[in-house]
Amino acid sequence: MIIDAHCHLFTNDAALGFVSGSTFDEFVQELDGCGVEKFILFTIGGLFRDFQKSNDEIRNMYQKFPERIIPFGTTNPWYGEEALAEIDRCVNVLGMKGFKLHPWMMGFAINSVQMLPVMERISDYGMPVLVHSGTVPWSEPLQIAYLASQFPKVQFILAHMGITDLWKEAIDAARRYSNIWLETAGTPTVAIKTALQEIGPERIIFGSDSPYGGVGGCQFQMNKLKYLKLGKHAEALLLGENLRRILNI
Amino acid sequence: MSIVAKTLGVERIIDSHCHIGQSPYVDQPVETLLAEMDEAGVEKAIICAIGSHLVIDNEEGNDFISGVVKKYPERFLGLASVNPWYGEKAVRELNRSITKLQLSGLKLHPVLQGFQANEKLVFPVIEEAIRLGVWIYIHSGTPECSLPLQIVELALKYPEGKFIMGHMGGADFFLDVPDPCAKVPNIYLETSLTCHPVFVKEAIEKVGSDRVMFGSDSPTSNMKTELEKIKVLNLSKDDLNNVLWRNVHRIFGI
């Protein structure tokens with residue numbers, strides 16, 4: 001089963017001017033074309049504002065497509081108690097299976113003290129977190145890894161595995177901590193190739209960041225893996241099996 | 001015409017940004033690059049140095065690139081690497097590379113070479129490139145030394161200079177590329193390592209397809225992967241020809 005670890009719900013009010021993506025229907029069609037059966041879905045607009053409302057939007061889509069969508073919530077550590085209450089609501093009311101955090105868009109440092117109560121609560125629920133990585137100064141792989149070292153029960157997925165500039169330290173992070181996983185959206189070929197050589201295929205996960213890439217975005221991200229000629233075993237792990245282990249599905 | 005070019009509906013494909021040589025993470029002999037080009041249907045490519053050839057051993061690197069270009073004149077043009085920290089020596093090496101080694105332009109990598117793209121240190125090298133009339137390719141997208149707006153600033157300071165913004169902002173700086181570069185005619189954009197197809201599309205819409213050039217950054221990225229990124233944009237035939245070969249053909253004569 002092919003699972004895409006990284007998809008956003010673009011809604012009308014959501015920062016669409018930021019970069020043009022495609023609509024939900026367009027990108028689901030694109031995922032269909034790529035053979036993606038399930039995908040993790042989280043907000044884009046809620047990373048900037050109204051995170052509770054954005055979590056409701058994810059829940060609504062989940063109710064419409066329960067077989068396709070693996071819903072992830074988000075919460076903003078700046079909101080203190082309210083942020084913790086939203087974690088409770090995401091898990092107990094909305095049925096979220098994990099959390100997405102985007103430190104630079106949401107305006108916090110991943111290793112700031114604000115994050116500790118948030119991570120404690122997520123850890124209590126045993127939920128995974130997918131954290132944007134690769135952008136200085138607040139979303140660097142080793143900063144996320146430092147947090148991961150303090151919460152060994154939480155599986156940390158490094159979205160973009162450090163992107164273009166910090167993939168070397170993303171691999172270092174994964175080598176040092178077994179609860180770090182690397183997700184491939186937007187990462188150059190050499191990064192995935194090196195990660196396969198240095199840590200093996202068991203903790204590398206396919207993601208497309210759809211619909212950020214626009215039309216053809218998912219296909220492009222998937223072709224990147226195809227041309228690496230992974231072989232059947234590694235391909236199955238990257239395209240879904242690894243994520244199934246994290247999510248217990 | 002290669003089958004791939006035919007499938008894409010273009011007359012030919014030229015890759016404006018490839019590497020040969022060794023660095024701590026990659027090792028690409030020329031034969032590997034040629035095989036990749038043949039498989040991807042890429043007729044010609046512009047090559048430049050990596051690793052120590054790019055950063056410290058510039059003479060050795062330029063001799064190496066020049067040797068490969070002379071061995072395969074039908075397939076390659078080469079860019080010279082000089083590190084501006086060498087001062088006068090860098091200026092002389094650029095001159096030697098263009099006039100004696102028949103290299104075709106200058107490649108700068110502010111992050112690896114250790115300077116900020118628009119700082120005074122690099123001015124003598126830029127001025128020499130302008131005297132020689134060659135294009136200047138600059139890596140972009142990496143804070144804090146190689147940012148698009150630093151390159152825009154450099155291009156505004158030197159309107160007679162001819163600049164190529166490599167990776168056009170890379171993963172994170174796509175907001176700084178389409179609009180600012182639309183107003184600066186002496187900057188061309190190179191498409192490799194942009195992490196989403198839509199960034200290229202937005203740049204083409206704002207800057208125009210006559211200033212955007214396909215590059216793969218092989219072996220950091222993969223030629224076919226990078227070609228797919230252009231393919232999925234569904235460009236008009238004219239735009240596709242511009243991006244996949246016509247622009248680089250026009251400005252480098254390759």
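## The chain A sheet

Ile40(A) sits opposite Ile70(A) in β3(A). In this predicted model, β2(A) and strand β3 (residues 69-73) of chain A run parallel and are joined by three bridges.

## Helix pairs in chain A

Start with helix α3 (residues 81-92) and helix α5 (residues 115-125) of chain A: their axes are 9 Å apart and they pack at an angle of about 20 degrees. That falls under 35 degrees, so α3(A) and α5(A) count as roughly parallel to each other. The crossing of α3(A) past α5(A) is right-handed. On the α3(A) side, the contact uses Ala83(A), Leu84(A), Ile87(A) and Val91(A); α5(A) brings Pro117(A), Val118(A), Arg121(A), Ile122(A) and Tyr125(A). Sorted by class, that's eight nonpolar residues, no polar ones and one charged.

Now for helix α7 (residues 167-176) and helix α8 (residues 189-199) of chain A. Their axes come within 10 Å and cross at roughly 25 degrees, so α7(A) and α8(A) are roughly parallel to each other as well. Here too, α7(A) passes α8(A) in a right-handed crossing. Trp167(A), Ile171(A), Ala174(A) and Arg175(A) of α7(A) meet Ala191(A), Thr194(A), Ala195(A), Glu198(A) and Ile199(A) of α8(A).

A few spots are worth a look if you're checking torsions. In chain A, the peptide bond from Val136(A) to Pro137(A) is cis, with omega near 0 degrees. Pro137(A) belongs to the loop between β5 (129-132) and α6 (141-150) of chain A. Then there's Asp50(A): not a glycine, yet with a positive phi of about 50 degrees. You'll find Asp50(A) in the loop between β2 (38-43) and α2 (51-64) of chain A.

Chain B has a cis bond to flag too: the one from Pro143(B) to Glu144(B), with omega near 0 degrees. The loop that holds Glu144(B) runs between β6 and α8 (148-157) of chain B.

## The chain B sheet

Chain B has an open sheet of nine strands, ordered β2-β1-β3-β4-β5-β6-β7-β8-β9, and the pairing is mixed. Since β2 (27-28) and β9 (212-213) of chain B stand at the edges with a single partner strand each, one side of each is left without a neighbour in the sheet. Helix α2 (residues 30-40) of chain B packs on this sheet, where α2(B) touches β1 (14-22), β2 and β3 (44-49) of chain B. The direction of α2(B) makes about 155 degrees with that of β1(B).

Further along the order, strand β6 (residues 135-139) and strand β7 (residues 163-166) of chain B pair in the parallel sense over four bridges. Within that pair, His139(B) stands opposite Gly166(B) in β7(B).

## Where the chains meet

The contact between the chains takes 26 residues from chain A and 26 residues from chain B. On the chain B side, α10 (197-207) and α11 each supply at least two of the residues that touch chain A. That side of chain B divides into twelve nonpolar, eight polar and six charged residues.

One helix pair spans the two chains: the axes of helix α9 (residues 217-226) of chain A and helix α11 (residues 223-231) of chain B come within 9 Å and cross at roughly 170 degrees. That angle is over 145, which means α9(A) is roughly antiparallel to α11(B). Gln219(A), Phe220(A), Asn223(A) and Lys224(A) of α9(A) make this contact with Thr225(B), Glu228(B) and Lys229(B) of α11(B). Their classes come out as one nonpolar, three polar and three charged.

## Confidence scores

For the model, ipTM is 0.85 and pTM is 0.91. Chain B averages a pLDDT of 96, and 100% of the residues score at least 70.

Conventions
Residues numbered from 1 in each chain as written. Chains lettered and ligands numbered in written order. Predicted model: local features only at pLDDT ≥ 70, side-chain atom pairs only at ≥ 80, totals over all residues. Pairing = 2+ DSSP bridges. Contact = placed C-beta atoms within 7 Å. Axes fitted to C-alpha atoms, helices over the stretch in contact; angles between N-to-C directions. Parallel < 35°, antiparallel > 145°, perpendicular 65-115°, else oblique. Nonpolar A, V, L, I, M, F, W, Y, C, P; charged D, E, K, R; others polar. pLDDT = per-residue confidence, 0-100. Left-handed = near helix turned anticlockwise from the far one by under 90°.
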